[in-house]
Amino acid sequence: MTTRLKFLQTLTVTVLALYGTAGAQSRGGGAVTSGPVGRNICDTCACAPDNLIPLTVNCTCTKTKLLIVREQDTVVLSSVRDLTLASCGFVSLPSSGLSSSTSLTRVTVRDMKLFHYTAGLFPALESLSVEDVGELVLDGFGPANRTLRHLTLRRSKVIRLVKGTVTAAAPLRRVLFDRVEVDEIESGALDMSFVSDDNNGQQAASDGFTVVDSTIKSLQSSAVTVRSGAVRILNSTLDDMASGAVVMDDAHGGIRLSGNRLGAMVGDSLSATRMDGDAAVYVDGNAFRTLPADMQLLRSERPAEFVGNDVDNVDLGPFFFGLGAAVRASDNRFTCDCDPRHISVLKINQVFPGLLQPEVDSRFATLLANNYCRQPANTTLAGYRDLLVREIVCEGANVTAVQPPQSSTAQSPPSKDTATTNRGNTVATATAMYATAATVVTSLLLRNLSVS
């Protein structure tokens with residue numbers, strides 16, 4: 001709990017006490033009622049169609065005004081279907097929530113410095129929209145987990161989404177984070193199950209979990225689980241993702257990661273356990289601080305696009321040879337330098353000539369031709385490989401090529417002394433500089449054996 005929240009809670013208690021004292025009036029027999037006689041929430045807020053049995057209540061305050069919803073107001077609110085709380089300096093709602101408001105399905109909260117949503121506040125809620133809130137505290141939905149269908153957060157700040165914020169019991173259609181800042185999503189915070197439209201049994205293209213133009217600093221393991229819905233993370237920053245941070249189960253509508261800045265992550269930070277028949281994976285236009293060589297989304301046999309990404313660091317060998325057969329990887333920019341993790345795989349055919357099967361070699365050649373170095377600019381990986389082989393770059397880091405078997409009509413082999421020296425150089429340099437390439441080759445051989 002932040003210092004600011006503690007201060008505002010203390011302030012609320014003080015204001016409520018003062019309000020009750022100032023508004024109390026004595027009646028016959030000494031009975032005391034809180035607030036002016038005959039006043040209810042409709043004297044402060046716009047109620048429609050009337051003040052007796054309103055269906056909509058719009059509470060738009062000035063920013064310096066406290067909105068206090070008293071226990072007696074719950075009777076008026078019992079018939080309300082749509083409630084708006086806007087531009088209030090602070091809102092005080094009954095501690096027990098609006099338990100009698102069984103028709104209240106839609107709530108909008110906007111333009112506030114702080115809003116604290118306690119579990120059970122609106123027990124029949126179907127749609128919550130929070131916009132322009134400086135600090136949103138969201139404890140969870142309590143009974144509304146059986147009814148919640150739409151959750152929209154826009155231009156708001158959340159310190160922490162706690163475990164059980166959304167549970168699998170909620171029959172969700174859409175969850176949207178738009179220009180939202182979240183410091184941390186705890187394990188089990190967003191356990192989301194998306195359901196089809198009851199009218200036709202089909203899901204709309206927009207159904208699912210969408211994050212756009214947002215920043216999430218930390219996602220713990222199992223922070224986000226999405227069942228039977230699309231997942232879209234667009235133009236956002238995800239700083240630190242633990243193993244299993246985002247799990248997609250039966251991802252209807254596919255998975256798209258586009259235009260994001262992705263920080264620390266491991267191979268299964270983003271993973272899909274099942275995909276429906278038409279779903280595909282799109283990973284495009286992202287900036288990876290570190291791209292896991294075993295990124296789970298790209299190792300599936302499902303169609304996937306890995307296009308136009310900027311990769312700061314990846315072990316190229318296991319990454320390229322681990323790509324699923326249906327993955328298209330092109331126009332990506334990788335770090336090209338003398339780090340063995342970046343250059344070893346580029347010289348496989350020079351170090352181990354004839355090792356790769358023709359179809360594997362052909363696909364590998366296509367990957368090198370269709371992807372690029374970050375520096376030198378506009379240089380393909382194939383072009384950088386040629387510079388490497390010719391010792392124009394990374395001078396002294398090259399491995400002497402293993403000589404192919406000589407035919408009877410070939411030239412005589414080099415002298416024994418020269419051959420011995422070359423073999424010694426090959427083994428020593430390969431051990432020190434090309435451990436990654438050896439690992440790749442071993443993996444490749446095992447794969448070929450398993451296929452055979």
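## Disulfides in a predicted model

A disulfide joins Cys336 to Cys373, with S to S at 2.0 Å; the term here covers a pair of cysteine sulfur atoms within 2.5 Å. By that rule the count comes to five disulfides. Keep in mind that this is a predicted model, where local features need pLDDT of at least 70, side-chain atom pairs count only at pLDDT 80 or more, and totals for chains, interfaces and linings use all residues. Residues are numbered from 1 along each chain as its sequence is written, and side-chain values use heavy atoms, with hydrogens and water left out.

**Cys336 and Cys373**

- The torsion about the S-S bond of Cys336 and Cys373 is about -90°, so this disulfide is left-handed.
- Cys336 sits in the loop between strand S30 (333-334) and helix H4 (340-343), while Cys373 belongs to strand S31 (residues 372-373), so the pair ties together parts that are 37 residues apart in sequence.
- Those element names come from DSSP runs, numbered from the N terminus: helices are H or I with at least four residues, strands are E with at least two.
- Cys336 is buried, with a relative accessible area of 13%, and Cys373 also counts as buried, at 2%.
- For the burial words, buried means under 20% relative accessible area, exposed means over 50%, and partly exposed is in between (1.4 Å probe, protein chains only).

**Cys338 and Cys394**

- The sulfur atoms of Cys338 and Cys394 are 2.1 Å apart, and the two residues form a disulfide.
- This pair links distant parts of the chain, 56 residues apart: Cys338 is in the loop between S30 and H4, and Cys394 is in the loop between helix H7 (381-389) and helix H8 (416-433).
- With a torsion of about -100° around the S-S bond, the disulfide of Cys338 and Cys394 is left-handed.
- Cys338 is partly exposed, with a relative accessible area of 38%, whereas Cys394 is buried at 9%.

**Cys42 and Cys47**

- Cys42 and Cys47 form a disulfide too, and their sulfur atoms are 2.0 Å apart.
- The link of Cys42 and Cys47 is left-handed, with -95° about the S-S bond.
- Cys42 counts as buried at 7% relative accessibility, and so does Cys47 at 13%.

**Pairing along the chain**

- If you number the bonded cysteines of the chain in sequence order, the pairing reads 1-3, 2-4, 5-6, 7-9, 8-10.
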